[in-house]
Amino acid sequence: MGDAMQVEVKDIDKLFELDGYLKPFEREIRRRHGVLKDWINKIDQCEGGIDEFTQGYNYYGLHFQPDNSVIAREWAPGARDVYLTGDFNNWHWESHPFKKLPFGKWELHLPANADGSPPIKHLSEIKVIIRNQHGQLLDRLSPWAKYVVQPPKEANQGVNYKQYVWQPPAGERYQRQHGRPARPKSLRIYECHVGIASQEPRVGSYDEFADRIVPRIKRQGYNCIQVMAIMEHAYYASFGYQVTSFFAASSRYGNPEQLKRMIDVAHAQGLYVLLDVVHSHASKNVQDGLNQFDGTNSGFFHDGARGEHSLWDSRLFNYTEHEVLRFLLSNLRWWHDEYNFDGYRFDGVTSMLYHSRGIGEGFSGDYNEYFGLNVDTDSLNYLGLANYMLHKLDPEVITIAEDVSGMPTLCRPVPEGGIGFDYRLGMAIPDKWIELLKEQSDDQWDMGNVVHTLTNRRWKENTVAYAESHDQALVGDKTIAFWLMDKEMYTHMSTLSDSSLIIDRGLALHKMIRLITHALGGEAYLNFMGNEFGHPEWLDFPRVGNNDSYHYARRQWNLVDDPLLKYKYLNEFDRAMNETEERYGWLHSGSAYVSWKHEGDKTIAFERGGLVFVFNFHPTQSFSDYRVGTNWAGTYQAVLSSDDPLFGGHNRIDMNCKHHSDPWGHAGRSNFIQIYAPSRTAVVYARVSD
């Protein structure tokens, strides 16, 4: 395994060829890479290699043996004693002690019953009991628990989650029916949440999502789903960002076998499935979380201020601890191997890299912000190690960093000295759209600034572009559709209602914003569930502040399914946009060339993927015989128009019209075509003949 990290000088030299501004920081880049290699070598020498090290779930936790005996192991370095209790021993806390092993490990052997049956049954409730250094007995859930359930309110057993043994008979285990699809060349991601996918005011299920929502996603032309809030979290309103049990699939939506089926159904539809993973912090919960598991304030986390995230009220992992690295890396491996996830979106990368050094999330782009004491290099090392492991395990895996900092090398391969992510989120893009919609009328929008925001990304480091995600949908903010149309959506979204200038404007700009983001903003595209059809209102989980209401914690699919409502127009455009990308592949075709951005006309034109894109954001002015430059001579024809009646447009573009190029050139391009550019319309042209 160590040989895999023997990197020639020329590999890291590639970083400096791509970006000469990194040269002054070469020493630190090489030092960082050296630390990562040291960790790999240490794991090779002490743990039998990264493959063995990242299967901690085969060692820790509860394991049934061929003879039906059971072995339980835990890592609790601060404990004086460790016990296992449950309904199997009538809840006698101290009757089954673990044996202490070196390095803070504990082990317990439970022989099979006299009749040969296992001493602990499927769905038995168990707890780990910790005696701390003060002699107190503390009840805990195993960090390696695979199935935890919150008791129903009517049971009057409190709100803490309970651990149940998940060891179903062979006949009750889900058997995969389908292989994993090929990795998409162009990644079109549908960000989703199983719980809110129900139309009814309740928590949706894995089975419902598989049967009802996966077909919708497939029809819309997405080839990847990014599933949020799967790792168990005690507080539903945390959106899954306060994880309590890292190895347990959330029981709110069903059991582990049902999640396996959901992923298999998605694979059958050719969809890649990404897991939203939160390794940047953990819930502070003690009795049903990792916090103080061994009776101390450290263990999995840093002690003191470095182990606390004050803004999130959560705990921060100690990435320098050997067993913490085993836990987190094995966690990634677990979801890949056990559930067949195809990749991960890593949440909170920016906070991991900068929080503990006191650096906020505002970045000027000065390279000094990315090096030296500004960066938590322990976190950086963990991310590099995670990417190295995942891509070695499965070259087809996809990893995405939620990073707003723009850190150089984050999305370059580990052998080059990079951190190894395949993509980063283009988080400045949705912020820009919300800023424009909140602060300016569209006749004031700066075309150059729009283009700059959409194209301002690191060369050869892939970006996921999105106009809005779940963040913009949460209560306290508004979706793009709501910013554009607000209360008019309640009165004028019917095709039978009187026409509304607000709705017409909203529909037009909603389509344009999404298309220009899709085509110009990155090498992948993301949409949050429901935003494709302009889902009204906001997203709000049940909580004390809203009397535990599910009214806003759902998706109103009936709106898009009703042929008399205009939501169908946005939905059809979203589908056509994805289908056009599938046909021409602009996301994986390299960068766009922007030939035109005219402030007076409010127009933008660019070429990408063999297509010519023309946007006229002007609220009132249309242009006849408008010249658009292109380097490709030939005859052009519109292949997508936001003004198509199918998308609620006014049918001002003749889709059959041929546009012959002129060789005299325009806007720095060797040829030009002349087209009609109606106001608030986007049109995509393809070359149909040379």
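Me: What makes Arg326 and Glu323 a salt bridge?

Reply: The closest N and O atoms of Arg326 and Glu323 are 2.8 Å apart. A salt bridge needs a side-chain nitrogen of Lys or Arg within 4 Å of a carboxyl oxygen of Asp or Glu, so the pair qualifies. Both residues sit in helix α6, three residues apart, about one turn of the helix. Before we go on: this is a predicted model, where local features need pLDDT of at least 70 and side-chain atom pairs count only at pLDDT 80 or more, while totals for chains, interfaces and linings use all residues. Numbering runs from 1 along each chain as its sequence is written, and side-chain values use heavy atoms, leaving out hydrogens and water.

Me: Which other residue does Arg326 form a salt bridge with?

Reply: Glu47, again with the closest N and O atoms 2.8 Å apart. Glu47 belongs to helix α2 (residues 26-47) and Arg326 to helix α6 (residues 322-339), so this pair ties together parts that are 279 residues apart in sequence. Helices here are DSSP runs of H or I, at least four residues, and strands are runs of E, at least two, numbered from the N terminus.

Me: Why is Arg326 called buried?

Reply: Its relative accessible area is 7%. Buried means under 20%, exposed over 50% and partly exposed in between (1.4 Å probe, protein chains only), so Arg326 counts as buried. Glu47 passes too, at 18%, and Glu323 is also buried.

Me: How many salt bridges does the rule give?

Reply: The count comes to 53. Among them is Glu416 with Arg412, at 2.8 Å from N to O. Glu416 is buried at 8%, and Arg412 is buried at 11%. There's also a network linking Asp19, Asp403, Arg424, Arg458 and Glu461.

Me: Which residues of helix α10 are buried?

Reply: In α10 (residues 447-455) they are Met447, Gly448, Val450, Val451, Thr453 and Leu454. Their cover includes α9 (428-439), α13 (501-520), β22 (593-598) and β23 (603-608). At the start of α10, a side-chain oxygen of Asp446 comes within 2.9 Å of the backbone nitrogen of Gly448.

Me: Which residues touch the most other members in the largest nonpolar core?

Reply: Phe209, Trp335 and Trp433, out of 171 residues. A nonpolar core is a set of buried Ala, Val, Leu, Ile, Met, Phe, Trp, Tyr and Cys residues joined through side-chain atoms within 4.5 Å. This core takes at least three residues from each of domain 1 (59-165) and domain 2 (593-688); such bounds come from an automatic or database domain assignment. The centres of the two domains, taken over C-alpha atoms, are 66 Å apart. Phe209 itself is in contact (heavy atoms within 4.5 Å) with residues including Cys192, Val194, Met262 and Met529.

Me: What makes β1 and β2 pair?

Reply: They share four bridges in the antiparallel sense. Leu62 stands opposite Ala72 in β2. The open sheet has four strands in the order β1-β2-β5-β4, with antiparallel pairing.

Me: Why are β1 and β4 called edge strands?

Reply: β1 (61-64) and β4 (99-100) each pair on one side only.

Definitions and conventions:
Pairing = 2+ DSSP bridges. Polar contact = N/O pair within 3.5 Å; in protein donor to acceptor, adjacent residues only side chain to side chain. Lists of a residue's contacts leave out its neighbours within four places in sequence.
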